[in-house]
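This report describes a protein chain for a reader who has its coordinates at hand. The terms are defined where they are first used.

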Amino acid sequence: MGRSSSAARPRQPSSGHRWIVKWLLAIVLVALAVARLVAVHQGEHHESFETRRSEAAVWSAPRKVAQHWDQPKHDQVQSVPGQLVDGNWTRNPSHDRFKNPQCKSGIHIIISTVCSTYGDWQAEGLMYSYYVTQMKGTITRITSCNNPNYKYPEIWHPCYAHHVLKDHSGKVSTYNKAFAINDFFSKGDGAKFGDDEVVVLLDADMLLQKPLDDPSLPDAARIKAVSAGKPLAMTYLLGSHWLQKERDVIDKVGFPCSISDAEALQHFQIGPPHFMVASDWRRAGPRWEIYALAMWEKYKPNFPWDGDMFAFNMALLSLNIMHDQTTKLMISDPNAMKDNEGWGFLGLDDELVEPSNPPVPAPVPKGFVPKNNGKVPIVHYCQFLSIPIKGDETEGGKEHVPGYSFGKYDYADGFSFAALGRGLMQCPPKSHNIHLAAPTLEEEVWRAWEEEGRELRKTYRDHTPRSWKPKLGGHRQTVPGGLTDRRRVFLIKELTLWLNAAMKHYRKRICGDPGGA
C-alpha cells in the first residue's frame with residue numbers, strides 16, 4: 001500500500017517550538033551585544049593592531065607641514081581662553097597665540113595631565129616658572145578628561161593654552177600620554193608647528209629655573225643641535241632590560257625594532273625633558289599609541305608606571321630615531337650620584353663641610369645650603385623629601401611633617417587649588433598654601449652634622465649602602481647633615497617657595513587679591 005502524501009511531508013515544528021527557537025536566537029544576539037559593549041567599555045580606543053599599524057605607517061612617514069600660522073584651528077581642538085557652550089569648549093577667536101612674537105619663537109613646551117586639582121596646581125606652578133624665567137615659545141597643557149564641565153584654572157598668559165581630549169586611562173594616568181601627545185600633534189596646535197621647530201615634553205611636576213634655550217645652560221650646544229632624527233632627553237636609569245622583558249610586545253606590533261644592550265644604554269635610558277623637532281613628534285605619535293596599546297593589553301589593569309616610557313622607546317627605535325642623552329639639565333633625587341644629575345652646577349657637591357671643633361657650636365657656615373643660582377634649568381619634584389633628624393623614623397625621616405618634608409602626593413587632590421567658583425575660574429582660598437620649610441631647618445641639619453655626622457663621616461662615605469641608628473634617631477643610609485640632607489633642604493626650601501609664589505601670583509592676578517596671600 002502506498003504512503004499518503006501527508007505522511008511524506010516533513011513534520012512541522014509546533015508554535016511552542018518556534019517560540020523556543022526565537023528566544024534562543026534572541027539570547028544569543030543579546031549576549032553578543034553585551035560582549036561587544038563590555039569590550040568597548042574596557043577600552044573603546046583599542047582598535048585592532050592591523051588598523052593602528054596601517055595608520056602609523058602613513059603618519060610615521062617623513063612629511064612636510066607648511067608653516068601657515070594663521071590657518072584656522074582643527075574642529076576637534078578644544079582650547080582656552082574660551083567659554084563653555086553646552087558642555088564643550090569653544091575657542092576665543094581673539095586669542096591666537098601664534099600671532100604673538102614671544103609665542104611664535106623659541107622652544108615650545110607641552111605637558112600631559114588629567115583634569116584634577118592635582119594637575120591644576122602643578123600645571124600652574126610650571127606656568128608661573130615659565131613666566132618668571134621669561135621663556136619664549138608656546139606652552140600647552142594637554143588634558144585627558146571625560147568631564148566636559150570641568151572648571152580649569154583661568155589662563156592669564158598669551159602663550160598658554162589647553163588641548164583637551166578624552167581620558168583613555170581610567171585610573172592609570174601615564175597610559176594617557178601617548179594618546180594625548182599624538183592627538184595634539186595631529187589635531188591641535190602641534191600640527192601647526194614647523195617641521196624643524198623644537199618641542200620639549202616636560203612632566204607637570206617640573207619647575208623651570210632658566211629658559212631652556214639660554215646659551216649659558218649646561219649642554220646648551222646639545223639643545224641647539226636638536227634636529228630631525230636627533231632628539232635630546234634627560235638620562236633616566238632605566239637600563240636595557242626592557243628589550244628582553246617587552247620582546248613579546250615588540251614582536252606583536254611587528255615593526256623592525258632591534259638594538260644591542262650597549263646601544264639601548266646609550267640612546268634609550270630617557271625621560272622628560274624630551275627635546276624633539278615637531279616632524280619627529282608627528283612621526284612618533286601614532287606608533288607610540290600602538291606600543292602603548294600593546295603594553296596595556298599585556299599588563300591591564302596594572303599598567304606599569306614606566307610603561308609609557310618603554311612604549312615611547314619602542315616607537316622611536318622602530319623609526320630609527322636615536323636619542324642623545326644628558327645628565328645636566330635637571331635635579332630631582334637627593335641620593336643621585338654626582339654624575340647622574342645636575343647637582344654639581346649648584347655648588348652642592350662639596351662632599352665635606354668642616355665642622356667646628358667641639359664643644360664650640362659654630363654658626364651655620366655660608367654656603368652649607370647655597371642659594372639657587374639657576375644654572376640647572378629644571379627641578380623635578382617627583383621624589384618625597386624629608387629630613388631624618390629626630391625621633392625613631394626610618395630613612396626618609398620626619399615624614400609628612402610640615403616644614404620638614406615635601407611630597408606632591410601630600411597635596412594631591414585634597415589640596416584644592418580651585419575652591420570658590422567664579423566663572424571659568426576658581427580662586428584658591430588663602431588658607432590653602434603649601435607649607436614652607438621650617439625657618440630653623442638648615443640650622444638643625446647643620447647641628448646634626450656637627451653632633452654626629454662628622455664622626456660617621458670619618459668612616460662612611462655619604463652614599464655607602466649601610467644602615468645604622470644614629471644617636472639622633474632613625475635608621476638611615478646617609479650621614480646626618482651630609483650631602484644628601486643638604487640637597488633635601490635645598491629642594492624643600494626651593495619647591496615650597498616657588499609653588500607658594502605661583503599661587504600668590506595667581507590670586508593677585510586673577511582673583512583680585514591685592515596682597516595675593
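On a 1 Å grid over the protein atoms alone, a pocket is an open set of points with protein on both sides within 12 Å along at least five of seven lines, whereas a cavity is a set of points where a 1.4 Å probe fits but cannot get out. Lining residues have an atom within 4 Å of a point. Grid points are joined across faces, edges and corners, and a volume is the space filled by probe spheres set on the points.

The model is predicted, with local features requiring pLDDT of at least 70 and side-chain atom pairs counted only at pLDDT 80 or more, while totals for chains, interfaces and linings use all residues. Residues are numbered from 1 along each chain as its sequence is written, and side-chain values use heavy atoms, with hydrogens and water left out.

## The chain as a whole

The chain contains 15 helices and 16 strands; these are DSSP runs numbered from the N terminus, helices being H or I with at least four residues and strands E with at least two. Of the 517 residues, 54% are buried, where buried means under 20% relative accessible area, exposed over 50%, and partly exposed in between (1.4 Å probe, protein chains only).

Among contacts (heavy atoms within 4.5 Å) with a separation of 6 or more, 75% are between residues 24 or more positions apart.

## The largest pocket

The largest pocket holds about 1200 Å³ of space. Its lining comprises 43 residues, and D203, D205, H380, C382 and K408 lie nearest its centre. Two or more lining residues come from each of β3 (108-114), α5, α6, β8 (232-235), β9, α12 (307-318) and α13 (408-411).

By class, this lining has 20 nonpolar, 15 polar and eight charged residues. Ala, Val, Leu, Ile, Met, Phe, Trp, Tyr, Cys and Pro count as nonpolar, Asp, Glu, Lys and Arg as charged, and the others, Gly among them, as polar.

## Cavities

The whole structure has two cavities of 30 Å³ or more. The largest cavity has a volume of about 50 Å³ and is lined by D120, A123, E124, R141, P153, E154, Y160 and H162. The elements giving two or more residues to this lining are α5 (117-132) and β5 (160-165), and α5 gives the most, with three residues. The lining of the largest cavity divides into three nonpolar, one polar and four charged residues.

## Helix α6

Helix α6 covers residues 176-187, twelve in number, and reaches 16 Å from its first C-alpha to its last, close to the expected 16 Å. The expected span is 1.5 Å times one less than the number of residues.

Ten of the twelve residues of α6 are buried. They are N176, K177, A178, F179, A180, I181, N182, D183, F184 and F185.

## Backbone exceptions

Most residues other than glycine have a negative phi, and most peptide bonds are trans. Q134, which is not a glycine, has a positive phi of about 60° and sits in the loop between α5 and β4 (139-144). D219 also has a positive phi, near 65°, and is placed in the loop between β7 (206-208) and α7 (220-224). Q134 counts as exposed because its relative accessibility is 62%, whereas D219 counts as buried because its relative accessibility is 14%.

A cis peptide bond with omega of about 5° joins P272 and P273. P273 belongs to strand β9 (residues 270-277).

## Two prolines in one loop

P377 lies in the loop between β11 (330-331) and β12 (378-380) and is buried, with a relative accessible area of 0%. Leaving aside neighbours within four places in sequence, P377 is in contact with L207, L208, Q209, K210, L212, L217, K328 and L329. P377 and K328 are 49 residues apart in sequence, and their C-alpha atoms are 8.9 Å apart in space.

P334 is likewise found in the loop between β11 and β12 and is buried, with a relative accessible area of 4%. The C-alpha atoms of P334 and L483 are separated by 8.2 Å, although the two residues are 149 residues apart along the chain.
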